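Visitor: Could you walk me through this structure? I have not seen it before.
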Amino acid sequence: MAESKDFLSKFHLEAGISSKDFQKIWKNYDTDENGYIEQGELENLIKDLMMQADEEVTPASMQAYKKHIMTFFDSNTDGRLDVKEMLKMFPVKDPSSSA
Ligand SMILES: [Ca+2]
Ligand SMILES: [Ca+2]
């Protein structure tokens with residue numbers, strides 16, 4: 001995986017989701033509701049994405065995906081994902097209510 005779009009197409013995210021679905025995803029994974037997806041929360045998200053893609057979840061692949069996501073989506077490199085960064089990972093089709 002060399003590009004962020006490879007990641008998106010692998011998990012069928014490139015087509016975009018509704019802002020409602022984005023809210024749902026966000027609430028689902030930001031379990032401590034602090035406004036950031038941290039490493040542990042990100043692992044849950046990756047696990048679910050991999051299971052959806054019928055991919056075996058191993059510690060090695062988990063590490064690889066985490067690194068990949070952080071490289072491409074953590075644009076301010078603070079080691080966690082905020083809403084803006086998550087929106088790059090889950091492009092929203094109707095951005096009106098997501099800002
Ligand atoms: Ca959090
Ligand atoms: Ca960040």
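Visitor: Leaving aside its neighbours within four places in sequence, which residues is I37 in contact with?

Guide: I37 is in contact with Y29, D30, L42, L45, R80, L81 and M86, where contact means that the C-beta atoms, placed from the backbone, lie within 7 Å. This is a predicted model, in which local features need pLDDT of at least 70 and side-chain atom pairs count only at pLDDT 80 or more, while totals for chains, interfaces and linings use all residues. Residues are numbered from 1 along each chain as its sequence is written, and chains are lettered from A and ligands numbered from 1 in the order in which they are written.

Visitor: And which residues make up the largest nonpolar core?

Guide: That core has nine residues, namely I37, L42, L45, I46, Y65, I69, L81, M86 and M89; a nonpolar core is a set of buried Ala, Val, Leu, Ile, Met, Phe, Trp, Tyr and Cys residues joined through C-beta atoms within 7 Å. Buried means 20 or more other C-beta atoms within 10 Å of a residue's own, exposed means 12 or fewer, and partly exposed lies in between, with C-beta atoms placed from the backbone.

Visitor: Which element gives the most to this core?

Guide: Helix α3 does, with three residues; helices (H or I, at least four residues) are DSSP runs, numbered from the N terminus.

Visitor: Which residues of α3 are buried, and which are exposed?

Guide: L42, L45 and I46 are buried and pack against α2 (19-29) and α4, whereas G40 and M51 are exposed on the other side of α3.

Visitor: Changing topic, where does K10 lie?

Guide: K10 lies in helix α1, residues 4-10, and counts as partly exposed because it has 15 C-beta neighbours inside 10 Å.

Key
Helix = DSSP H or I, 4+ residues; strand = E, 2+ residues; numbered from the N terminus. Contact = placed C-beta atoms within 7 Å.
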